[in-house]
Amino acid sequence: MSICDSLCLISQFAQAIFHMIVNWRISSSYTSAEDLHKLSLFCKIDMFIMHATSAYSVWCWLMLSVLRYTAVFHPFKYRTIWRQPRNALLIIAASSCTLELWILVLVSYLPEERSCIESPTANIVTAQAGHLLDILFAYVIPSFIRILLDGIVLSHCYRPNIIEVPVFERRYGISSASGQALLISNENKNPISLILSLPRQSISYKREQFCKKKNSMIMRSLIISALNLCCNLPSHVLRAVWTLESAPQMNETLMSFLEAISQLLYFGQFTCNAFYLSTTIYETSTAPTKTYSTTNHSKINVSKYLDNEEV
């Protein structure tokens, strides 16, 4: 997602620089066939990269929703999957590039408009079909699946009758009937704790804190995902309107205002992506596992104690 967002922003910046240079130069400078061919080639490649990376980023969000759903409902399977997400990303990359091949055929540079648009010789029905399929497979379908999966996860995590026990408690929690920690005493009657469970009140408090932390992280991820969908919605709606209606009946001033708002929200999605990656992905992947290290340290102490007892 980071690579695709970077490439998409670079292509957007290149498109802006391209239009500035074209508007500064005299239109007669680009009348030769060689110059028009070079400009059309730039338009094709730049627009292809822009649309392909944007579609791939949307499908990466869907992959995150699938992984989040798997982590909540199939936690053991989530911990054992390795190559499946990587293979899925490769399939998504190939599919996104294949979906946007129509841009290489239809898009060209028009000196009269001084912009990259569909060639006037292209079939209108073919161009409309390309835009609609792009909107359908690059936004509508993945967004619908994301809303469905995230809604199921949200309803599951906030049900009041769900009580989840952290993994380290399920593995190492050994409580006695009275709920007190079991102890082993040495010859001097000094109690040494094994890898044992805490008292019930302490376990309940830790369980509550664990569930709150997990639910807050899931809720934060869902909010960012919803904001990303909202940022992409206006641009796709306007694109669908322009595709289906060749001569819009709306006021030109209002259309320009809506286009500016949609572009602002479209660029806002990159902020959502960066915020999600920095606060959820990178934060959780680099967080130290204190429980694991503490447990291992306890195991070492207990093994040393048992070895001394045997000696």
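All of the views show a predicted model.

**View A. Helices α2 and α6 run side by side.** The axes of α2 (33–73) and α6 (124–157) come within 9 Å of each other and cross at roughly 20°. Because that angle falls under 35 degrees, α2 and α6 are roughly parallel to each other. The crossing that α2 makes with α6 is left-handed, and the residues in this contact divide into 19 nonpolar, three polar and four charged.

**View B. Helix α1 packs against helix α2.** The angle between α1 (2–24) and α2 (33–73) is about 150°, and their axes lie 8 Å apart. That angle makes α1 roughly antiparallel to α2, and α1 passes α2 in a left-handed crossing. The residues that α1 brings to this contact include Cys4, Leu7, Cys8, Ser11, Gln15 and Phe18, while those from α2 include Leu39, Phe42, Cys43, Met47, Met50 and Tyr56. Counted by class, the contact of α1 with α2 holds 12 nonpolar, six polar and two charged residues.

**View C. Helix α4 packs against helix α2.** Helix α4, which spans residues 83–99, packs with α2 at an angle of about 150°, with 9 Å between the two axes. This angle makes α2 roughly antiparallel to α4, and the crossing of these two helices is right-handed. On the α2 side, the residues that meet α4 include Phe48, Ala52, Tyr56, Trp59, Met63 and Leu67, and among their partners in α4 are Pro85, Leu89, Ile92, Ala93 and Cys97. The residues in the contact of α2 with α4 divide into 14 nonpolar and one polar, with no charged residue.

View D. The elements that give two or more residues to the lining are α1 (2–24), α2 (33–73), α5 (101–106), β2 (115–118), α6 (124–157), α8 (200–244) and α9 (252–285). Among these elements, α8 gives the most to the lining, with seven residues. By class, the lining has 18 nonpolar, 17 polar and six charged residues.

Key: Residues numbered from 1 in each chain as written. Predicted model: local features only at pLDDT ≥ 70, side-chain atom pairs only at ≥ 80, totals over all residues. Heavy atoms only, no water. Helix = DSSP H or I, 4+ residues; strand = E, 2+ residues; numbered from the N terminus. Nonpolar A, V, L, I, M, F, W, Y, C, P; charged D, E, K, R; others polar. Axes fitted to C-alpha atoms, helices over the stretch in contact; angles between N-to-C directions. Parallel < 35°, antiparallel > 145°, perpendicular 65-115°, else oblique. Left-handed = near helix turned anticlockwise from the far one by under 90°. Contact = heavy atoms within 4.5 Å.
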